[in-house]
Amino acid sequence: MVSRKLLINAMIVSAIFLAGCSSDGTGEFEEAFNGKIEHVHGMGYAGGDDGLYLATHGGLKIFRDGGWHETTRNYNDYMGFNAVDEGFYTSGHPGGDSDIPNPFGIQRSFDGGRTLEHIQFEGETDYHAMAVGYDSHDIFLLNPEPNSALGRGFYKSTDDGESWEQADAEGLQGGVLSLAIHPSDSNFVAAATSTGIYLSEDGGNQFKALTDPREAGMTVYFYGDDLYYAINNENVELHRRNVKNDEEAIIDTPELKNDGIAYIARNRQNEKELAIYTVNGDVYVSDAGSIAWEKVLNESQTR
């Protein structure tokens, strides 16, 4: 006969095990990762999580609690990745463990990447240049080729892809490298191109240059009313510009010799935390005052 003490201990162990495997936790979906990270196509703090998500050729990689993790499934090639308040929006190509049509158009996940919800253009288009409002979820994108609903060019949707309005993008010059849209006021849209940084205050119809055309734009990112952008002006420069009052400052960065800034992200759970991903594959995290940067991923770990 099993003693009462042994039975209680077994129940406790079982409860702990079930809690660790709960679908609300990360235990069954994430595991420690120490391999190489390949082809990063986006970065952000997604869904109110203080983990820093990298969207890669082989699924999501997350820096959390001082270490790197990866998902145990959904090894999709995430492109056009945008962190939002409830999770993330993305485009790209399905991994070998997915039955989503290729390319998978616009998808979103509100459960950390466990499941993807179809928005539009599944099996039609892969979006590299796409921006999504963190709070509004409004979408602004560059459609590379005509599909079932859109011609080539810039489009905006304020209803999760149910309808689209073409944006004129007058004044925008050069090849587009990055797009960003204000978290809640979608009149403000920014672009980084081969000829600099551009800002629109009317939803993408008219753009004005914020930088000299000799300064190549690298990336743009919105946090509140602050537009963060990186340019290559002989040396790499990271700027923060308030789009409502035009106040601007240059942010100190780590020494980025023969490198550049590809992605920028700021943590809403810890507003002092700012992260950058570099062209060469390094990830740095600072206290957003740029007093000290910590390298949490170096190029020898990426490819």
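User: What makes β3 and β4 a strand pair, and in which sense do they run?

Analyst: This is a predicted model. Two strands pair if there are at least two bridges between them. Strand β3 (residues 52–56) and β4 have five bridges and pair in the antiparallel sense, so they meet that cut-off. Leu54 stands opposite Lys61 in β4. Two residues lie between β3 and β4 in their hairpin.

User: How do you know that β4 pairs with β5?

Analyst: Four bridges join β4 to strand β5 (residues 67–71). At least two are needed, so the strands pair. They run antiparallel. Phe63 has Trp68 in β5 as its bridge partner. This is a hairpin too, with two residues between β4 and β5. Asp65 in the turn has a positive phi of about 55°.

User: Why is β4 called mostly covered?

Analyst: Six of the six residues in β4 (residues 59–64) are buried. Buried means under 20% relative accessible area.

User: What makes the pair of Phe140 and Phe154 stacked?

Analyst: The structure holds 10 aromatic pairs. In the pair of Phe140 and Phe154, the rings are 5.9 Å centre to centre, with 25° between the planes. The cut-offs are within 6.5 Å and under 30 degrees, so the label is stacked. Phe140 lies in strand β11 and Phe154 in strand β12, so the pair ties together parts 14 residues apart in sequence. Both Phe140 and Phe154 are buried.

User: How do you know that the charged end of Lys61 sits over the ring of Phe33?

Analyst: The charged end of Lys61 is 5.3 Å from the ring centre of Phe33. The distance limit is within 6 Å, so that test is passed.

Notes: Residues are numbered from 1 along each chain as its sequence is written. This is a predicted model: local features need pLDDT of at least 70, side-chain atom pairs count only at pLDDT 80 or more; totals for chains, interfaces and linings use all residues. Side-chain values use heavy atoms; hydrogens and water are left out. Buried means under 20% relative accessible area, exposed over 50%, partly exposed in between (1.4 Å probe, protein chains only). Rings of Phe, Tyr and Trp (its six-membered ring) pair if their centres lie within 6.5 Å; planes under 30 degrees apart count as stacked, over 60 as edge-to-face and the rest as tilted. A charge sits over a ring if NZ of Lys or CZ of Arg is within 6 Å of the ring centre and within 35 degrees of the ring normal.
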